[in-house]
Amino acid sequence: FGSSFVWLKCNSVPKMSQKDAQVQKAKQLHDAIEKMTEDTERLEAEVKKLEEEKVAVEKDLAFRLQRIKEIESGMPQKVQQLQHLQQLEQQKEAEYMKMLEATPTLVQVLKK
C-alpha cells in the first residue's frame with residue numbers, strides 16, 4: 001500500500017503543474033485580451049476623432065471653395081469699376097491742370 005501511495009503522489013504532481021500551466025496560460029490570454037481591448041478602444045477613439053476632423057476640414061474646404069467662386073465672380077466688376085474710377089480721376093486732374101494753366105489768378109486764390 002505504501003508504494004502505491006508514492007506512485008499516486010508522484011503521478012499527481014505533473015497533473016498539478018499541468019493545471020498550473022493551464023491557469024497561467026489562461027491568465028496570459030486574459031491579459032492579452034484586455035490589452036487588445038484597450039488598444040482597440042484607443043484606436044477607435046483616434047479613428048473617430050480623425051473622422052470628425054476630416055468632416056470639419058471638408059466643410060471648411062467647401063466654404064473656402066464657395067468663397068473663391070464668389071470672389072472670382074465679383075472681381076471682374078470691381079476691376080472694371082476701379083479702371084473707370086482711375087480714368088475719371090485722370091480726366092478730372094487734366095481738367096484741373098488746364099484750368100490752372102488757363103487762369104493764373106486762380107492759382108493765387110487757391111494758394112491762399
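Which residues make a nonpolar surface patch of about 300 Å²?

**View 1. The nonpolar patch on the predicted model.** Leu29, Ile33 and Met36 make this patch, whose area is about 300 Å²; accessible areas come from the Shrake-Rupley method with a 1.4 Å probe, and for residues only the protein chains shown count as cover. A patch is made of residues with over 30% relative accessible area and no salt bridge, with like charges joined within 9 Å and nonpolar side chains (Val, Leu, Ile, Met, Phe, Trp, Tyr) within 5 Å. Met36 has its place in helix H1, which covers residues 2-102. Residues are numbered from 1 along each chain as its sequence is written.

**View 2. The protein as a whole.** The secondary structure comes to two helices and zero strands, where helices (H or I, at least four residues) and strands (E, at least two) are DSSP runs numbered from the N terminus. Of the 112 residues in the protein, 1% are buried; buried means under 20% relative accessible area, exposed over 50%, and partly exposed in between (1.4 Å probe, protein chains only). The protein exposes about 10900 Å², and carbon and sulfur atoms supply 62% of this area.

View 3. The side chains of Glu46 and Arg42 meet at 3.1 Å, N to O, and both residues lie in helix H1, four residues apart. Glu46 counts as partly exposed at 37% relative accessibility, as does Arg42 with a relative accessible area of 43%.

View 4. In the bridge between Glu58 and Lys54, the closest N and O atoms are 3.5 Å apart, and the two residues, four apart in helix H1, are separated by about one helical turn. Glu58 is partly exposed at 43% relative accessibility, whereas Lys54 is exposed, with a relative accessible area of 52%. Salt bridges that share partners join Lys35, Asp39, Arg42 and Glu46 into one network.

**View 5. Confidence, and residues 5-9.** The mean pLDDT (the predictor's confidence in each residue, from 0 to 100) is 88 for the protein, and 85% of its residues reach 70 or more. Over residues 5-9 the pLDDT is below 50, and beyond near neighbours in sequence this stretch has zero contacts in the model, a contact being heavy atoms within 4.5 Å. Where pLDDT is low, the predicted coordinates should not be read in detail.

Conventions
Predicted model: local features only at pLDDT ≥ 70, side-chain atom pairs only at ≥ 80, totals over all residues. Heavy atoms only, no water. Salt bridge = Lys/Arg side-chain N within 4 Å of Asp/Glu carboxyl O.
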